[in-house]
Amino acid sequence: MAVHTPQIERVVKTVPCDVAAQSQAASVSLPEDQAAALYRLMTWLSPSFPVGAFSYSSGIEWAVEAGDIRDAASLSDWLASMLAEGPGFCDGVFLACAHRAARSRSDAALREVAEVAAAFVPSRERQLETSAQGRAFIDIARAAWNCDALEGTIAPCVGSIVYPVAVGLVSAAHAIPLAATMHAFLHALTSNWISAGARLIPLGQTDSQRVLALLEPIVATTGSRALNAALDDAATATFRADLASMRHETQYTRLFRS
C-alpha cells in the first residue's frame, strides 16, 4: 500500500501538553456513572482483556514481509490509511450503528448491522480475527460484566457477531456513551496494530509510542467521521491492505493468525 499521508507530516513533533491545564475542574471527582463508564471502557479495551487481539496482525505481517512496512514512518503511513480509508473507519461505522440500534431497541436494525458487518471483511483470516474477538468479547461480558439489558441486546443477532458490533452492543447495554466508546475502540485497534508492527519490523518502545502519538489526530478524525456516518457509508479504499490479509493465508513463516 505505502500510501503517502500528508496528515502525518503536518503533525508537530511534540504532542500538546496543555490538555489538563485547560480543565478548570481537574480536582472535581467524576460523577459515579462517568467513573463506571470510564472504568469499563479501560478494562474492555485494554490489551489485557482476553479477546486474543495480540495474535492477529490484520495483514501487517505480510506487509512487513513484502517490504511495504520497513520502519516507523512506513508503519505510520500504512496505519493512517487503514484507519481513515480502511477497516478502522468501517469498524467505527459498524460500532456506531450497532450502539444506536441497541439503544433504540430496534431488532431489525441490529440484525442488519450484524449481517452487513460480518459480510464486509475481505478475507478468511480477517473473518476469523473479527468473529473470534467478537465472540470472546460477548462471552466475557456475559460472564463477568452481565447486566439486565445485555441478553436482550444480543438476542436479535442470530449469526456471527464481529468485534466492533460486539463492543457497540455491550457498551450500549451498559449505557456507556457512544462517542467515548468510539474513541476508546479506535485507540485500542491502533495500539494493537502498532504492537504487531513493533514485533515484526521490529521497533523499540519509544518509536512505537511516537507512531501512536502521530496517529492521534487520525484516530480522532476517523472517529468523528464514523459517528456521523450511516451504515451505507461503510467503504474502503485500502486495496493493498486487503491483499495483504489474503496473501498472509499462504505466507511461509508466520507469527500471527492474520
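This is a predicted model: local features need pLDDT of at least 70, side-chain atom pairs count only at pLDDT 80 or more; totals for chains, interfaces and linings use all residues.

Visitor: Which residues make the nonpolar surface patch of about 300 Å²?
Guide: A residue can join a patch only with over 30% relative accessible area. L30 has a relative accessible area of 46% and is therefore partly exposed. This residue lies in the loop between α2 (19-22) and α3 (32-44). The patch is made by L30, L38 and M42.

Visitor: How many of the 17 residues of α6 are buried?
Guide: Helix α6 covers residues 87-103 and reaches 24 Å from its first C-alpha to its last, close to the 24 Å expected at 1.5 Å a residue. Following this helix is R105, whose phi is positive, near 55°. Buried means under 20% relative accessible area. By that criterion α6 is mostly covered, the number of buried residues being 15.

Visitor: What is the geometry of the aromatic pair formed by F137 and Y163?
Guide: The structure holds 7 aromatic pairs. In the pair of F137 and Y163, the ring centres are 6.0 Å apart, with 70° between the planes. Planes over 60 degrees apart count as edge-to-face, so this pair is edge-to-face.

Visitor: Which helices does that pair link?
Guide: Both F137 and Y163 are buried. The two residues are 26 residues apart, and the pair links distant parts of the chain. F137 is in helix α8 (residues 124-144), and Y163 is in helix α10 (residues 163-173).

Visitor: Over the ring of which residue does the charged end of R225 sit?
Guide: A charge counts as over a ring only if it is within 6 Å of the ring centre. The charged end of R225 is 4.1 Å from the centre of the ring in question. That ring belongs to F89.

Definitions and conventions
Residues are numbered from 1 along each chain as its sequence is written. Side-chain values use heavy atoms; hydrogens and water are left out. Patches are made of residues with over 30% relative accessible area and no salt bridge: like charges are joined within 9 Å, nonpolar side chains (Val, Leu, Ile, Met, Phe, Trp, Tyr) within 5 Å. Accessible areas come from the Shrake-Rupley method with a 1.4 Å probe; for residues, only the protein chains shown count as cover. A salt bridge is a side-chain nitrogen of Lys or Arg within 4 Å of a carboxyl oxygen of Asp or Glu. Helices (H or I, at least four residues) and strands (E, at least two) are DSSP runs, numbered from the N terminus. Buried means under 20% relative accessible area, exposed over 50%, partly exposed in between (1.4 Å probe, protein chains only). The expected span of a helix is 1.5 Å times one less than its number of residues. Rings of Phe, Tyr and Trp (its six-membered ring) pair if their centres lie within 6.5 Å; planes under 30 degrees apart count as stacked, over 60 as edge-to-face and the rest as tilted. A charge sits over a ring if NZ of Lys or CZ of Arg is within 6 Å of the ring centre and within 35 degrees of the ring normal.
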